[in-house]
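Q: I'd like to learn how to read cavities and cores in a model. Can you walk me through this one?

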Amino acid sequence: MTKFFKKVACLTVMVATVMSAAMAQDAQPTSADNKKIEFSLHLGGAFPMSDFGDSRANRGLVAWLDKTEKAGAGTGFDAGMKFKFNIPSINGLGVILTADFFYNGPNNDVKDWRDDLIDAYIYDDGLDDVEIDLPKYINVPIMLGVNYDYVINEKISVWGEAGIGANIRKITMLDQYLAVGDEELIMKQKYDIATTFAFQIGAGVKLMDKVSLGFHYYALGSGKVKGMASEEYIENHAGGEYEYYDGDFTLRYVNPTMFVIRLGYHF
């Protein structure tokens, strides 16, 4: 996870630097009508679409497990922030810079596969202890785009926007622990970070220039699933015995596409 957080931190510092420089130039008093820069925070649900939300885990068809593009993602959440730089010559039009954090755990099909696998290990194979930690998807897109806000009256406006940029994708580790008697087997799959092209389109309504409801389509880019698999075998008897194996693997692609509904608060 260290490389992932380093990339996110680097992009965050770049965004913060650009924002600080721009806001430092905006010294005049502002109102809803003359704001040069608008800032908002957003929170909502992220609903996987197409192969990103599909899987057939009981047949091995999940992207972090076998060669398929069915990613097995479940409903998740999105938290983000948006800066809008208004264009004085065109009322309502502005350039936007956005940063989001998406989290999607496994869908119900993948969870059922895990539960069935644990039952098989314990009741069919006679294992004493089984723990399986499933992978989750983390996506951090940074985008630049345009937003147009059309004011209907003092209390309500409607808006539309589009943006393009880069997405940093992280799949968390698949971790399996099996134990019987004095024997333990630890199997792990660690996944590389992928950086991909991303875009989004959205529309919504804003009330009292403060609260917004938005509907968005996010396509965060198709990237290969690569990583390293390891197996660690331990016998905890008097003499002790230990074996370790690891190797790189390459599977197919994951393409996170989501429908997002979220609330925003505008400062």
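This is a predicted model: local features need pLDDT of at least 70, side-chain atom pairs count only at pLDDT 80 or more; totals for chains, interfaces and linings use all residues.

A: Residues are numbered from 1 along each chain as its sequence is written, and side-chain values use heavy atoms, leaving out hydrogens and water.

Q: How many cavities of 30 Å³ or more does the structure hold?

A: A cavity is a set of points, on a 1 Å grid over the protein atoms alone, where a 1.4 Å probe fits but cannot get out; lining residues have an atom within 4 Å of a point. Volume is the space filled by probe spheres set on the points, which are joined across faces, edges and corners. Here there is 1, with about 120 Å³ of space in the largest cavity. Among its 14 lining residues, Lys-82, Lys-84, Asn-147, Lys-206 and His-266 are the closest to the centre.

Q: Which residues touch the most other members of the largest nonpolar core?

A: Nonpolar side chains tend to be buried together in soluble globular proteins. A core joins buried Ala, Val, Leu, Ile, Met, Phe, Trp, Tyr and Cys residues through side-chain atoms within 4.5 Å, buried being under 20% relative accessible area with a 1.4 Å probe, protein chains only. In this 33-residue core, they're Trp-64 and Tyr-137.

Terms used:
On a 1 Å grid over the protein atoms alone, a cavity is a set of points where a 1.4 Å probe fits but cannot get out, and a pocket is an open set with protein on both sides within 12 Å along at least five of seven lines; lining residues have an atom within 4 Å of a point. Buried means under 20% relative accessible area, exposed over 50%, partly exposed in between (1.4 Å probe, protein chains only).
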